[in-house]
Amino acid sequence: MINRLLVANRGEIARRVFATCRAVGVQTVAVHSDADADAPFVAEADQAVRLPGRTPAETYLRVDLILEAARRSGADAVHPGYGFLAENAEFAAAVTDAGLTWVGPPAKVIAAMGDKLAAKALLAEAGVPMLPSWTDTDGITDFPVLVKASAGGGGRGMRIVRTADELAEAVASARREAAAAFGDGTVFIERYVERGRHVEVQIFGDAHGRVVALGDRECSIQRRHQKIVEEAPAVVSDRVRTALHEAAVAAGRAVDYLGAGTVEFLLAPGGEFFFLEMNTRLQVEHPVTELCTGLDLVGLQLLVAEGEPLPAALPASTGHAIEVRLCAEDAAAGWRPATGTLHRFSVGDVATEFGGLAGPGLRLDSGVLAGSVVGVHYDSMLAKVVAWGRTRAEATRLLASALARAELHGVTTNRDLLVRVLRSPAFAAVEIDTGFLDRHPEVFTPLLPADRLPVTALAAALATAAQRRATAPVLSGLPSGWRNVPAVPQTTRFVGLDGDEIEIRYRLDRVGRLTDWSSTSATEESTERPTVALVEATADRAVLDVDGVRRAYRVHRVGADVFVDGPDGAASLAELPRLPLPTAAVAAGSLLAPLPGVVTRVHVKVGQRVAAGDPLLTLEAMKLEHPVLAPIDGVVAELPVPTGGQVQTGAVLAVVDEKDPR
């Protein structure tokens, strides 16, 4: 029996495992880096052990430190979560050699499946269909191809290559990213299938030789080869589903699989499918399978690790579940990761966290809470929001509505993109594949229409004025901005996340009625201004009558930042001071760091002529590489940061001069 379990991971997966442990009476131990010292998962564990350092290489990837933490805390078992060391055979062997129970497949199985090239050869003998692959770039003549990391997963170290000229750089870049994420830079190359779908089968094996399939999942909507929308069951024919399950079980039996695993396939447009990889761990998207089957997959992991057989009767999948990965990133800016403090994190009408549902509803698996700090050291995923419904359409509508109403303040997220995807006609018609986002640029449009921003900013200005009036030491009872003789209107200036300014001007009469308002901004188009009447304004709420329709806006202010959630969408604004202080200027043509990171490569030299779009350098942050491109044609005037240099947000990375300074 497992009595005290150490989770060698962080964030929402650590909290997820702890939830099952509490339900079955197992004590819990967290390990944490210095950056995670105040994280929710640390507070929820019965014990916590510090891993000195901040980066993964210093902490969560240190086998010696984790084993020492298990010894010091008295843990008798280790759960690896996913990512980090979850698919590291040496770690699994070290845990077992230390006399601890390993909650996962044996080290030999992890090793066999961790080497994706060896896994393909082994499973091909078991009759599992395969795509052609290469390890030598000289033998590749048919494009497009996909460069893949041999170790790990999650989209790290993957590159689509469409021409021979791109291959060498794609392989080098994939190797660097894979080495940073998994400690192994080995890559291989597969034929790339256009319009392919990513479908996977959840398998489970026990120590008594039984391997079963517990349903399938559709994971085709991806960004940078990482899943962001997953659903169960996959929308496939009964014939294809049966064949997928048979192939997945055959793969599991070929390696005497034990514990939770996932066999991933690429489904071609004609219905033919090919093996991609076997993940020897619990998947990020396991909640959709739990909601459709009613099973606790972490509970089954513990059961199997203790040597017990799987239940004789396993439930069939019912209904439909959809999960989205809510990430701290700017989808419209090339998936640039975002950092900051989550001033508010609220997803309303959640029925359960980290557990099952009794009927239609929402589940939230989150690694953060309000007040959490999102840094640059780890993956950008904040939470998984999951909906279960009797039908796919019901689950889709419920999930999209909950996301649209969520209050996510302080950190840029991909929420608007997720809502647009769920509400798109193509998603409803199951016209999906791994290239969905490339073919549907309309889903990158913010939920808040540009022509509704002025009214939203007006609500922010009125609520901000109400807050100041309520906290004023004197004259707080007078109407805001009231004068005996009409004078200049009250003015509030904001700046949005895109850097554009908007100025709101309005007048209130002596009884607080809105008599006039207007707005100006650099990007505002000439449109007819709606008629607005003020119904109510408090520090955290403004209710406006807009062209005869009453609209309520929730307003949350933190310092100069104002977050507004309304019926049309959300806006993040910063109030500009009336009398701004002078600020330091940067040279024209400067490229500034969008977030903290490390410059891993510098591609150009000072004095070199570049064209708009040419790569200047590569910035690594949140375990991903981000190319910094020339914004204009010109000459590189400055490169102040060398390879290996660390930078903070706003640091000058390069300066490109339109004119040759020589």
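Predicted model: local features only at pLDDT ≥ 70, side-chain atom pairs only at ≥ 80, totals over all residues.
Which strands does helix H8 lie across?

View 1. Residues are numbered from 1 along each chain as its sequence is written, and side-chain values use heavy atoms, without hydrogens and water. Helix H8 (residues 238-254) lies across E10 (197-205), E11 (211-223), E13 and E14. H8 runs at about 110 degrees to E11. Angles run from 0 to 180 degrees between N-to-C directions, with axes fitted to C-alpha atoms, for helices over the stretch in contact. Helices (H or I, at least four residues) and strands (E, at least two) are DSSP runs, numbered from the N terminus.

**View 2. The open sheet.** Nine strands follow the order E14-E13-E10-E11-E12-E15-E23-E21-E20, with mixed pairing. Pairing takes at least two DSSP bridges between two strands. E14 (273-279) and E20 (350-353) stand at the edges with a single partner strand each, so one side of each lacks a neighbour in the sheet. E13 (residues 259-267) and E14 pair in the antiparallel sense over six bridges. Thr262 has Asn279 in E14 as its bridge partner.

**View 3. Helices H5 and H6.** H5 (residues 107-114) and H6 (residues 116-125) pack at about 95 degrees, with axes 5 Å apart. That makes H5 roughly perpendicular to H6 (65 to 115 degrees; under 35 is roughly parallel, over 145 roughly antiparallel, the rest oblique). Ala112, Met113 and Gly114 in H5 meet H6 residues including Leu122 and Leu123.

Key:
Contact = heavy atoms within 4.5 Å.
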